[in-house]
Amino acid sequence: MLCARRLGGLRAGLRVRRVSTRWSPVGAAFTVQPQGRRLDWSGERGGLFGVPELSAPEGFRVAQEKALRKTEQLVRRVCAMPPGPRTVLIFDELSDSLCRVADLADFVKIAHPEVAFREAAEEACRSIGTMVEKLNTNVELYQSLQRLLADKKLVESLDPETRRVAELFMFDFEISGIHLDREKRKRAVDLNVKILDLSSAFLMGTHLPNTIEKRLLPERIRHHFELAGDHAVVDSLRAEAPDDLVREAAYKIFLYPNAGQLKRLEELLSSRDLLAKLVGYPTYSHRALQGTIAQSPETVMEFLEKLSDKLSERTMKDFEMIRGMKMKLNPQNSADSPPRDHQGSPEELMPWDPPYYSGLIRAERFNIEPSLYCPFFSLGACMEGLSLLFNRLLGVSLYGEQPTKGEVWSEDVRKLAVVHESEGLLGYIYCDFFQRADKPHQDCHFTIRGGRLKEDGNYQLPMVVLMLNLPHSSRNLPTLLTPGMMENLFHEMGHAMHSMLGRTRYQHVTGTRCPTDFAEVPSILMEYFASDYRVVHQFARHYQTGQSLPRNMVSRLCESKKVCAAADMQLQVFYAALDQIYHGKHPLRSSTTDILRDTQERFYGLPYVPNTAWQLRFSHLVGYGAKYYSYLMSRAVASMVWRECFRQDPFNRAAGERYRREMLAHGGGREPMLMVQGMLQKRPSIDDFVNTLVSDLDLDFETFLMDST
Ligand SMILES: [Zn+2]
């Protein structure tokens, strides 16, 4: 088995380090109050993430120039070299030198509290971006890789990871049309530029508010909206507003079609289609899905159709339940009350109803008030829980490490060393967990430096940032997490461990740099651990009394997530199908709005509302074009892995080791279905994926009995 050998080889080359005195237990790193652990500001100031140049914003220019010079050297070197495995190595080094500046800058430009740093990082991103464009159209560079891939004998002699990485680099090249004649190449470059411009313009348009003349709004709801002169401004769907009329108005106004945005979307879709055809694919979807678990648009549609059919009965039941709640709260909505002047008979369920009423049902049926749970989920306890879980499953521990001066961008950022019991230090996670003015309000994982085997035989350790938005602790109160925050923390740590445990030879496929429909598997799998009583019991302790979180509270939480979950999933299926059709065969058979209406009827079930165009707010069409289904497919794989490997014993070390060996270790360096197959020890079918997702919606009978006694 190739990967075991490779890991064995790497292990021998790595220094095994004992736990250093610089490392403290992870829980302590998050429970000590900020004023108790001031950074040492004396002495020489180092740079961000330990990069010496980055002690000041000006350093970005130095770092980017250094990277560009190195790139030029490497380009000369690889072009002059006979083709062979070293070609791939140099390509990866080239990509590494650019990514190390670009990825770091990508993070700094949105998260650094100082404007000067953010601006310098923005500039670095631009200049590296220009360089990457230049490289993607550099014919000589392309030919150096082409010579390798055209030599059948040589290709056969490459190990699978090297071969895959070579093909991935080629795949990136080809979208620039570099393999085509001069005229077509120019068209490809022009299309790429056009797509980039349309993407950012469309993205901007998805967030813009719509306005309406104030007098057109029923008087009793006007005060719910921001008023500007004679107009009311509607900037969201107001999905959680208790008043039906407010939600209805917000839905109809916010989704009212905008001609400019409509044209941008149509042009974006047709340009993507033209580009895909130009570089040799029947549709944009075909290109986007190459190398993924699904592999083809046909498989994705089969998955979505089967899932939709299997869900439909449950979805109807959910809709019935939601309708019941709507009637109960608004008795005037009964069928014999006089019809109102707005759309839909009063008892009909409309697309603006489910999120609000399903929330009410959840709260009514299960007593899951977050404040009951928070005291059991102090951040320190949760981090200890994660460390303990990783330790038992994978032999890995998390330790707090004191950052050097200038290494972190805010005093409350914690640095974690991820340490394996026999391999030693695996990498670093910077935890930017706390709320801060100007910080983007999103939970996410950033790769700052990818792992790779360097030419000198040492392993370049991966470095990532996890960003959350948790409240600060105070003198008397540690940071307490709601169940939702706790689950997000586990999810994001799943991404981080994917990065830490990968030992790919190439940074181009490090950790989370893998196909989109595989990328969420490790993170969603962590959500299953976070919902298991045996795991939660290990760490959830009341921060004052030390009492464990009672078992029935954990069960209630898990069961509450299943309320109206079929309807939620059905909505995701509808979005994913819409994304597939938009990126499928062109010219489209009708307008994007007509397609939305038909797809909504086929895949969701609640009526389309005339004069609305939800697709113009579908921002994920830009970043996830033809891949919106990924989340559902990742969830299916994670669910199967949980059931087959961990449900019986969530601390099973052998299963944990297999998980690392078969899945995490490879990053994107192995075909994803092979990784899934290696883990499950069988090749799952589309039906398996559908069945596992639907089974997850079943209520747990044991909990039901326990709660009714
Ligand atoms: Zn994620």
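K252 has a relative accessibility of 24% and counts as partly exposed. That class sits between buried, under 20% relative accessible area, and exposed, over 50%, using a 1.4 Å probe and protein chains only. The model is predicted, so local features need pLDDT of at least 70 and side-chain atom pairs count only at pLDDT 80 or more, while totals for chains, interfaces and linings use all residues. Residues are numbered from 1 along each chain as its sequence is written, and side-chain values use heavy atoms, leaving out hydrogens and water.

- H491 in helix 17 (residues 483-501) and E520 in the loop between helix 18 (516-519) and helix 19 (521-530) are 29 residues apart, a pair that links distant parts of the chain. Helices (H or I, at least four residues) and strands (E, at least two) are DSSP runs numbered from the N terminus.

**Salt bridges**

- The whole structure holds 46 salt bridges, each being a side-chain nitrogen of Lys or Arg within 4 Å of a carboxyl oxygen of Asp or Glu.
- K252, the residue that opened this briefing, has a salt bridge to E248 with 2.8 Å from N to O. The two lie about one helical turn apart because they are four residues apart in helix 10 (residues 244-254). E248 is buried, at 5% relative accessibility.
- In helix 11 (residues 259-278), K277 and D273 are likewise four residues apart, so about one helical turn separates them. Their side chains form a salt bridge, with the closest N and O atoms 2.7 Å apart. K277 is partly exposed at 39% relative accessible area, whereas D273 is buried at 5%.
- R314 lies in helix 13 (residues 297-329) and D698 in the loop between helix 28 (686-695) and helix 29 (701-708), so the pair ties together parts 384 residues apart in sequence. R314 is partly exposed, with a relative accessible area of 29%, and D698 is also partly exposed, at 37%.
- A network of salt bridges links D244, R247, K326 and D353.

**Cavities**

- Inside, there are three cavities of 30 Å³ or more. On a 1 Å grid over the protein atoms alone, a cavity is a set of points where a 1.4 Å probe fits but cannot get out, and its lining residues have an atom within 4 Å of a point.
- The volume of the largest cavity is about 90 Å³. Volume is the space filled by probe spheres set on the points, with grid points joined across faces, edges and corners.
- The lining of the largest cavity includes F390, G494, M497, P522, F529 and Y659. Helix 16 (379-394), helix 17 and helix 19 are the elements that give two or more residues to this lining. Helix 19 contributes the most, with four residues.
- Ten of the lining residues are nonpolar, one is polar and none is charged. Here Ala, Val, Leu, Ile, Met, Phe, Trp, Tyr, Cys and Pro count as nonpolar, Asp, Glu, Lys and Arg as charged, and the others, Gly among them, as polar.

**Backbone points to check by eye**

- The peptide bond from H586 to P587 is cis, with omega near -5 degrees. P587 sits in the loop between helix 22 (565-582) and helix 23 (592-603).
- D438, a residue other than glycine, has a positive phi near 75 degrees. D438 belongs to the loop between strand 7 (424-434) and strand 8 (444-449), and it is exposed, at 63% relative accessibility.
- Q681 is not a glycine either, and its phi is positive at about 60 degrees. Q681 is in the loop between helix 27 (672-680) and helix 28, and it is exposed at 59% relative accessibility.

Key:
On a 1 Å grid over the protein atoms alone, a cavity is a set of points where a 1.4 Å probe fits but cannot get out, and a pocket is an open set with protein on both sides within 12 Å along at least five of seven lines; lining residues have an atom within 4 Å of a point.
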